[in-house]
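User: Please take a close look at how the two chains meet. I would like one connected account of that part.

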Amino acid sequence: MQAIYEIILAALMGGALCTVAQLLIDLTSLTPARILVLYVSLGVLVYAVGLYDLLLPIFGMGISIPLIGFGAAIGRGVRETIISEGAIGILSGGLSAAAAGVTLALIMGLLSALIFKPRSKRM
Amino acid sequence: MEANEKKRLIKKHSPHTRVLKNAVMSFIFGSIICGSGQIIFRLLQSYIGDARASATLVTLIFIFIGSALTGFGVFDRIARHAGAGTLVPVTGFSNAVTSEAMDSESEGTVLGVGSKIFTVAGPVILFGVASGVVYGIIFFAARLIAQML
């Protein structure tokens, strides 16, 4: 029962974050690419003010899978590297934390470009 | 065309109805992705134990799926209905990276793919990192002040 409750909460939060983005696209002049940038920066902010660590136990993947989670990972990387290694963390923390995701996306992109024929553009 | 039919078509294609439909569809797809992500997360966590490592793995899995579906040309067909429902989860990020890379293959693998792959990833990484640096400076300064007091 607990597990089902948890899945529903994750689904609700994930859905809500997507709906807000969709409304921003339809009702303002924000393009999809700008939405992604907005959500990543928002993720850093949400982590910085301590809200992310409050919401993560409740909504789980609902807040972690949207790009907010990517931004929060950058924020967390910066914070934890500053605590463990000092000022250098300001520069090294963000990209280190994002490294796995960014690298996988880039490698997959490169492999796809080499293997598959191009298709229609989305953005 | 009958008056009724005309009225129905006007309603169907009016901006107001479209916005509502897009909102509902993006909610449904966003919910499905994040709900299934939560299931995968719990399964992984029962194997690995560590919550943070499991969460990272879930993100990587969805990056992989988003990219693979883009490669096979399926992503666009889903995204046409899902809108922001597939854009906001990391699937949107990996879709942007992969589709830009694939579209620029004709411009050359080294300079074409090498630069265009960052068309969307570049802004996302840049402003994510820049926000992180701003936060880092504030956090470091606050820590310094707190230690001095």
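Analyst: The model is predicted. Across the interface, 71 residues of chain A are in contact with 69 residues of chain B. On chain A, several helices each supply at least two residues to the side that touches chain B: helix 1 (2–27), helix 2 (32–48), helix 4 (61–64), helix 5 (67–85) and helix 6 (89–115). Helix 6 of chain A gives the largest share, 19 residues. By class, this side of chain A has 47 nonpolar, 18 polar and 6 charged residues.

Now the core. The largest nonpolar core has 68 residues, and A:L36 and A:L67 touch the most other members. Helix 2 of chain A gives the most to this core, with 9 residues. Take A:L67. Leaving aside residues up to four places away in sequence, A:L67 touches A:L36, A:Y39, A:V40 and A:G43 in chain A, and B:V88, B:V90 and B:F93 in chain B.

Last, a pair within chain B. The axes of helix 2 (residues 15–48) and helix 3 (residues 51–71) of chain B come within 9 Å and cross at roughly 135°. These two helices of chain B are therefore oblique to each other. Their crossing is right-handed. Helix 2 of chain B brings residues including B:G37, B:I40, B:F41 and B:L44 to the contact, and helix 3 of chain B brings residues including B:A51, B:L57, B:V58 and B:F62. By class, the contact of helix 2 with helix 3 of chain B has 11 nonpolar, 3 polar and no charged residues.

Conventions: Residues numbered from 1 in each chain as written. Chains lettered and ligands numbered in written order. Predicted model: local features only at pLDDT ≥ 70, side-chain atom pairs only at ≥ 80, totals over all residues. Contact = placed C-beta atoms within 7 Å. Helix = DSSP H or I, 4+ residues; strand = E, 2+ residues; numbered from the N terminus. Nonpolar A, V, L, I, M, F, W, Y, C, P; charged D, E, K, R; others polar. Axes fitted to C-alpha atoms, helices over the stretch in contact; angles between N-to-C directions. Parallel < 35°, antiparallel > 145°, perpendicular 65-115°, else oblique. Left-handed = near helix turned anticlockwise from the far one by under 90°. Core = buried A, V, L, I, M, F, W, Y, C linked by C-beta atoms within 7 Å. Buried ≥ 20, exposed ≤ 12 C-beta atoms within 10 Å, placed from the backbone.
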